[in-house]
Amino acid sequence: MTSPPQSNNTEKDVLSSDRSLSTDSLEINSKLEKQAVRMLDYTIVPVMTMFYFLSFLASLKFLSRISQGNARVAGLQADLGLSDHQYQICVTVLYVPYICAELPSNLLLRKIGPKYLMPTLLTIWGVIVTLQGLVSSYAGLVVLRAVLGLVEGPMFPGIVLYLSGFYTREELSLRIALFFSSASLSGAFSGLLAAAIQNMDGIGGKAGWAWIFILEGLFSVLMGVAGFFLVPSTPRDSKFLTREQKEIIMRRLERDRPSIVPQDSFSLEEIYKSLSSIHVILVFIIFFMLGTTLYGLALFLPSIVKQLGFSSTKSQLLSVGPFAAGFFLTLLFAYVSDKYRVRAIPTILITILSVAGWSMYLATERTFVAYGSMYLTVPGVYASAPVISAWMANNSEPYYRRATSVAVGFVATNAGGILSTWRFPTKEGPHFTKTTIMNLVFAILTIVLSILNALILHRKNVAKRRRRNVLLAPYTEDKRSDGGIRAWMELGDEHPDFIYSL
């Protein structure tokens, strides 16, 4: 009479044991997934950070853009006998080939392979930056900077596109911030480095500004060569991941975006779909305004600080603080953006800092208040870039549509960079009233367009859910409820199960 109850109890124990084992298995899988992602953070992000740090440090959108800003203070403009107009030409000429290279390079990145393309670019531009330290004429400087733009242009959009193939959409902002924050750090580091290198003035018969380019360029060459051994093209190519970790990374990417599987091929239609998407157009405009203010600060902050009444060396050192503040806030806002899976709200909050900073600079006549406002404007500009970059990359699929969207975003950024080079003539310093008003208006418009873009994306998400059956009707032959891989490849971000990031 007691057997059946014993049997029932035994069955319950077995079921309970099965559930416990299942739970333990899920926990183990979760731990393995975290370990695999952490390994990417240790092996991929630091290399991309160094690449971007050197590109920022080596070309005034980074290395020579920051260095050119510092070199201007260190005597380049005077030693080469450049007028303000000629100096601005030297800065501007980099952007034209830079912009022309961004879209083609992104479309070719998967074909050539990141492990070949990116180290090659870094090595070549390191050589060119070194040659800038040997230049002795205006014409020579113009030519070198044009070639530099051609090889540097692919790097930033290429890294964003590259990382989007390793991390899920909700993780991307922080990883972009980890490498992009090196831009703020390079601004700080470059000021310190330039102040130190200026003391080499006269060594080897070369001016201090020449040594800025030579030393930074040589280090870029060394890092470029090392990149051939450190950069994998895909997670499966990583030398640092185990076979199990590679499978985990690929499974989680496919779960996040089924279209991540490389089954699509290049077509002009994907470029058109990207360029005709309203959310891409709005972020394109935001990127243009961001580029104008960001590059203006990257190019001219040391010169602006000097015009406030500080010496050359002090202006180099005083430019460190705002960039250091930008470094920390960039990481903070990117972390919040990923944690709460939102892009518009962090962008708005960051840009409010910029509005406050430009307003202070416009209103004050006091030197130290004007300098203090830079602790709002620099973080308010720099910290928004990773979030906006992730926003663009998050909302375009499949690969070639995403590659196009990322590239055109940075085309807009660098077009803004061209505008910025003409907005800080020495005669209008130190307050640059017209430029400050322009930057303030751009910051306000960024807030307005971010709100508009979020509302449009929300409406598109709702519309796709309502039209789910209609959108998937051409793919009913596939037994999967989502229409299968063909539906994901053909519909891309228009797939009803693809949720736009707000």
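Student: Does Phe432 count as buried or exposed?
Tutor: First, this is a predicted model: local features need pLDDT of at least 70, side-chain atom pairs count only at pLDDT 80 or more, and totals for chains, interfaces and linings use all residues. Residues are numbered from 1 along each chain as its sequence is written, and side-chain values use heavy atoms, with hydrogens and water left out. Now the cut-offs: buried means under 20% relative accessible area, exposed over 50%, and partly exposed in between (1.4 Å probe, protein chains only). Phe432 has a relative accessibility of 2%, so Phe432 counts as buried.

Student: What is phi of Phe432 near?
Tutor: Most residues other than glycine have a negative phi, and most peptide bonds are trans. Phe432 is a residue other than glycine, yet its phi is positive, near 45°.

Student: Which peptide bond with Pro430 is cis?
Tutor: Pro430 sits in the loop between H20 and helix H21 (433-466). With omega near 0°, the cis bond is the one running from Gly429 to Pro430.

Student: And where is Pro398 found?
Tutor: The peptide bond from Glu397 to Pro398 is cis too, with omega near 0°. Trace the chain there and you'll find Pro398 in the loop between helix H19 (384-394) and helix H20 (399-420).

Student: Does Arg341 count as buried or exposed?
Tutor: Arg341 is not a glycine, but its phi is positive, about 55°. You'll spot Arg341 in the loop between H16 and helix H17 (344-363). Its relative accessible area is 56%, so Arg341 is exposed.

Student: How far apart are the end C-alpha atoms of helix H16?
Tutor: The expected span of a helix is 1.5 Å times one less than its number of residues. H16 (residues 320-339) has 20 residues, so it should span 28 Å; the model agrees, with the end C-alpha atoms apart by 29 Å.

Student: How many disulfides does the structure hold?
Tutor: A disulfide is a covalent bond between the sulfur atoms of two cysteines. Still, the number of disulfides is 0.

Student: By the salt bridge rule, what does the count come to?
Tutor: Side chains of opposite charge can pair when their charged atoms come close. The rule is a side-chain nitrogen of Lys or Arg within 4 Å of a carboxyl oxygen of Asp or Glu. By that rule the count is 16.

Student: Which residue meets Arg255 in a salt bridge at 3.5 Å?
Tutor: Arg255 is exposed, with a relative accessible area of 58%. Glu33, Glu171, Arg252 and Arg255 are linked in a network of salt bridges. At 3.5 Å, N to O, the partner of Arg255 is Glu33.

Student: How many residues apart are Arg468 and Asp497?
Tutor: Their side chains meet in a salt bridge of 2.3 Å, N to O. Arg468 lies in helix H22 (residues 468-472) and Asp497 in the segment after helix H23 (484-491), so the pair ties together parts whose separation in sequence, in residues, is 29.

Student: In which helix do Glu490 and Arg486 lie?
Tutor: These two form a salt bridge, with the closest N and O atoms 3.3 Å apart. They are 4 residues apart, about one turn, and both lie in helix H23.

Student: Which helix gives the largest share of the nonpolar patch?
Tutor: Patches are made of residues with over 30% relative accessible area and no salt bridge: like charges are joined within 9 Å, nonpolar side chains (Val, Leu, Ile, Met, Phe, Trp, Tyr) within 5 Å. Accessible areas come from the Shrake-Rupley method with a 1.4 Å probe, and for residues only the protein chains shown count as cover. This patch of about 740 Å² is made by Leu108, Ile112, Tyr116, Val225, Phe228, Phe229, Leu230 and Phe240. The largest share, 4 residues, comes from H11.

How values were computed. Helix = DSSP H or I, 4+ residues; strand = E, 2+ residues; numbered from the N terminus. Disulfide = S-S within 2.5 Å.
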